[in-house]
Amino acid sequence: MDSMKLNNGLQIPAQGFGVFLVENNGPCEEAVSKALQAGYRLIDTAAAYFNETDVGKAIRSSGIPREEIYVTSKLWMQDYGYEAAKRGIDDSLKKLGLEYMDLYLLHQPYDDTVGAWKALEEAVRAGKIKSIGISNHTVKLLSNLIPKMEILPAVNQMECNPFFQQKELRKYLDQYGIRLEAWYPLGHADKELLNDVRLVKIAEKYDKSVAQVILRWHLQEGIVAIPKATSMEHIKANLNIFDFMLADYEMAEIRAMDKGVGTHDPEDMSNAEGLSELKVHD
């Protein structure tokens, strides 16, 4: 598995395995076990996915040394604020059954992100977390937060795919060496994207699937992608992107596909009210 360097000097695997909407108590454990068996070494979960327990079980039973697996989780809004975030971090560690997390993110950009970030910084110093970052933070939202940080985010996890390439955000992140990590890297199985004639042509040239071409594009753009899959066929296929390279003109052709519009606008404050209703604990 290739890796990419973060702004704190640590490495992150170039592609991860996401478990959003994969049920706990069996299905998630099975999916993560398959992913680890296939060669994935980055597992991405969150408190709000309600499957940290299964992720931890799969990691502990894998037989793979802990230091070889990169574990990411995320703090939910219910636990924002300094004191609440400290409890949220410990709760994630307890559910995962791990002594530390490799990466921990603020899942949403609302409420007391400053207090929560202070708790994440403290957890880094205590050895509970190796790297910290944010998710769903646009240029506007992040620029308000960065002046209040002592430790810069290593990662910003955002929606990103050939139809929504986050070009402005990526330029901003580059100033701080913050690595973009893509959720919905395949456009959430967007049929228009997966059947685009330009991508189909490129895929046929390399004897690859369109999904593999898209994931290869992320890799060559320096973006960590975290596709989700549950079948071993798709899990293996998504990882089979390291034996070919897109030409410069093909990269340019894919860059020209950008529509600049995604499925989610973090700056729409009406999202905060709806998301705050989700509770990860009593």
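Me: What volume does the largest pocket have, and how should I read such a figure?
Reply: Rolling a probe the size of a water molecule over the atoms shows where empty space is left. On a 1 Å grid over the protein atoms alone, a pocket is an open set of points where a 1.4 Å probe fits, with protein on both sides within 12 Å along at least five of seven lines, and its lining residues have an atom within 4 Å of a point. Grid points are joined across faces, edges and corners, and the volume is the space filled by probe spheres set on them. Here the largest pocket comes to about 950 Å³. The structure is a predicted model, in which local features need pLDDT of at least 70 and side-chain atom pairs count only at pLDDT 80 or more, while totals for chains, interfaces and linings use all residues. Residues are numbered from 1 along each chain as its sequence is written, and side-chain values use heavy atoms, with hydrogens and water left out.

Me: Which residues lie nearest the centre of the largest pocket, and how does its lining divide by residue type?
Reply: The lining holds 39 residues, and F20, W183, Y184, H188 and K228 are the ones nearest the centre. The elements that supply two or more of the lining residues are α9 (210-221), α10 (232-239) and α12 (270-276); helices (H or I, at least four residues) and strands (E, at least two) are DSSP runs, numbered from the N terminus. If Ala, Val, Leu, Ile, Met, Phe, Trp, Tyr, Cys and Pro count as nonpolar, Asp, Glu, Lys and Arg as charged, and the others, Gly among them, as polar, then the lining has 22 nonpolar, 14 polar and three charged residues.

Me: Which residues of α10 are buried, and why do they lie on the same side of the helix?
Reply: Buried means under 20% relative accessible area, exposed over 50%, and partly exposed in between, with a 1.4 Å probe and protein chains only. In α10 the buried residues are I235, N238 and L239. They lie on the same side of α10 because they cover an arc of only 100 degrees around the axis, the arc being that of the directions from the helix axis to the C-beta atoms. Taking contact as heavy atoms within 4.5 Å, these residues pack against β3 (17-18), α1 (27-38) and α9.

Me: What covers the buried residues of α2?
Reply: Helix α2 (residues 52-61) has E52, D54, V55, G56, A58 and I59 buried, and the elements covering them include α1, β4, β5 (70-75) and α3 (82-96). Just after α2, G63 takes a positive phi of about 80 degrees.

Me: Is L42 buried or exposed, and what is it in contact with?
Reply: L42, in strand β4 (residues 42-44), is buried, with a relative accessible area of 0%. Beyond its neighbours within four places in sequence, its contacts include I12, F17, Y70, E181 and V224.

Me: Which backbone oxygens does the side chain of N7 reach?
Reply: A polar contact is a pair of N or O atoms within 3.5 Å; within protein, one must be able to donate a hydrogen and the other to accept it, and residues adjacent in sequence count only if both atoms are side-chain atoms. The side chain of N7 reaches the backbone oxygen of P153 at 2.9 Å and that of Y176 at 3.2 Å. N7 sits in the loop between β1 (3-5) and β2 (11-13), and at 31% relative accessibility N7 is partly exposed.

Me: How far does the backbone nitrogen of A247 lie from a polar atom of the side chain of E250?
Reply: That separation is 2.7 Å. E250 belongs to helix α11 (residues 248-255) and counts as buried at 2% relative accessibility; leaving out residues up to four places away in sequence, E250 touches I202, K205 and Y206.

Me: Where are F50 and A189 found?
Reply: F50, in the loop between β4 and α2, has a positive phi of about 60 degrees although it is not a glycine, and is partly exposed at 40% relative accessibility. A189, in the loop between β9 (179-183) and α7 (191-194), has a positive phi of about 55 degrees, again without being a glycine, and is exposed at 54%.
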